Amino acid sequence: MTWTMNPERFDSPDAALLRRDYYDEVASRYWKRPATAAEIDEGLTDDGAERLVPPTGEFVVGRFGGSAAACAGLVVMDAGIAELTRVYVRPEARGTGGGGLLLTTVESLARAMGVRQIRLDTRNDLVEARGLYAKHGYREVPAFHRRQYAEHWFAKEL
């Protein structure tokens with residue numbers, strides 16, 4: 001099976017389900033219990049997803065063997081800097097190269113938007129994510145904000 005990566009509206013049916021699955025996983029891991037549907041709905045309410053459209057950002061959906069299996073968002077913060085967000089690969093598609101292809105696709109879109117640096121934050125418990133970022137040239141940097149849940153900060157020069 002092969003991967004395809006394409007920009008897609010954050011609110012398309014496939015993108016909306018991927019965003020919901022992403023939030024379910026990160027919330028459940030953080031709370032060390034399954035997140036409830038109400039908690040997921042609350043987390044997705046006013047989450048800033050409307051910025052994941054040009055010119056303020058992009059949202060990418062990855063399909064593995066034709067099925068929606070991964071996503072990532074990019075938000076332009078200011079001149080030349082964007083933030084990577086909502087990076088997610090469904091468990092059944094992990095280990096197939098989708099995460100790296102997602103990053104490559106987002107970075108290409110970022111360059112086309114004039115972005116020179118991508119940064120992101122993540123948590124201690126998201127070990128796989130930290131490994132993915134490091135493997136693809138993101139380096140740990142000092143904190144560039146103090147948001148709840150942020151414990152590690154990364155950046156990559158494009």
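1. Y149 sits in the loop that joins β6 (139-140) to β7; helices (H or I, at least four residues) and strands (E, at least two) are DSSP runs numbered from the N terminus. Please keep in mind that this is a predicted model, in which local features need pLDDT of at least 70 and side-chain atom pairs count only at pLDDT 80 or more, while totals for chains, interfaces and linings use all residues. Residues are numbered from 1 along each chain as its sequence is written, and side-chain values use heavy atoms, with hydrogens and water left out.

2. Y149 has a relative accessible area of 36%, which makes this residue partly exposed (buried is under 20%, exposed over 50%, partly exposed in between; 1.4 Å probe, protein chains only).

3. On to the sheet: 7 strands form an open, mixed sheet in the order β1-β2-β3-β4-β5-β7-β6. Its edge strands, β1 (3-7) and β6, each pair on one side only; pairing takes at least two DSSP bridges between two strands. β5 and β7 are antiparallel partners over 6 bridges, and T122 stands opposite H152 in β7.

4. Now for α4 (residues 127-135), where A129, L132 and Y133 are buried. Viewed down the axis of α4, the buried residues fall within an arc of 95°, so they line one face of the helix (the arc is that of the directions from the helix axis to the C-beta atoms). E128 and K135, on the other side of α4, are exposed.

5. The buried residues of α4 pack against β4 (81-89), α3 (98-112), β5 (117-122) and β7 (152-157), with contact meaning heavy atoms within 4.5 Å.
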